[in-house]
Amino acid sequence: MIVSAVTGIDEEKTLSLVQHGFTKGIDPFVLLEDVRTGLELVGTMYNQGKYFLADLIMAAEIYKHVQEIVLGDREGGIPSDHPQVVFGTVEKDIHDIGKNIAIATMRHFGLRVLDLGVNIPPRLFVQKMEETGAPILCMSGLISDAYDSMKKTVLLLKKSSLFPKTKVIIGGLVNEQVCSYTGAHYWVKNCSAGTELCLKIFHEKAALSKSGS
């Protein structure tokens, strides 16, 4: 029902359904994925000429309102010593909806994320990884040109001293083949999987540190 409401650009119905589900205790990830699925369908219909740009923008606004309901604002208040994730959409790609969704979800679960924005060149990714000492780099891409940008970033990381202690995760229009081509450690289908993977990596690192102390 939520997917249909989003696809129909029905904000009132979407928010009502989400609020009802949230009150009933449905996992926020499930609610967000339903809305994201609807958002993707709107994007498909836009590409097919069935929707206008205004419809696409409205659908994105609906998603933002849904985030406010199920996630709230967790960007601030996270301790400065909390583990960091550096996140950006790669060079030649300016898509940011998926990235923004993923970052909001990560922050909700307590991860400190540095959002670099879109069209980020490989050297800037590496520079920010060096500055923050972040153990995870997340790159997003929704066009085929993004794959070469991801690969160049990984190669640059390998030339530095960062790669052995850095985990690279890619998302967007990716799969196992793209992951192998770029040299990334992991690929994820959606923001929920990305958040869960980051939390798993941090928990494993914490366990190793504890056992080694």
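Reader: What are the ground rules here?
Author: This is a predicted model, where local features need pLDDT of at least 70, side-chain atom pairs count only at pLDDT 80 or more, and totals for chains, interfaces and linings use all residues. Residues are numbered from 1 along each chain as its sequence is written, and side-chain values use heavy atoms, without hydrogens and water.

Reader: What makes β1 and β3 a pair?
Author: Two strands pair if DSSP finds at least two bridges between them. Strands here are DSSP runs of E, at least two residues, and helices are runs of H or I, at least four residues, numbered from the N terminus. β1 (residues 84-89) and β3 (residues 136-141) have five bridges, in the parallel sense. So they count as paired.

Reader: How do you know which residues Glu-130 touches?
Author: Contact means heavy atoms within 4.5 Å. Not counting residues up to four places away in sequence, Glu-130 touches Ser-160 and Leu-162. Glu-130 lies in helix α6 (residues 122-132).

Reader: What makes a space a pocket?
Author: A 1 Å grid is laid over the protein atoms alone, and a pocket is an open set of points with protein on both sides within 12 Å along at least five of seven lines. Lining residues have an atom within 4 Å of a point. The largest pocket is lined by 36 residues, and Glu-40, His-95, Ile-97, Gly-98 and Leu-142 lie nearest its centre. α3 gives the largest share of the lining, seven residues.

Reader: How do you know how many domains line the largest pocket?
Author: Bounds come from an automatic or database domain assignment. That assignment gives domain 1 (1-71) and domain 2 (85-211). The lining draws at least three residues from each of them. Their centres, taken over C-alpha atoms, are 25 Å apart. In contact are 10 residues of domain 1 and 12 residues of domain 2.

Note on methods. 1 Å grid on protein atoms, 1.4 Å probe; cavity = no way out; pocket = protein on both sides within 12 Å on 5 of 7 lines; lining within 4 Å.
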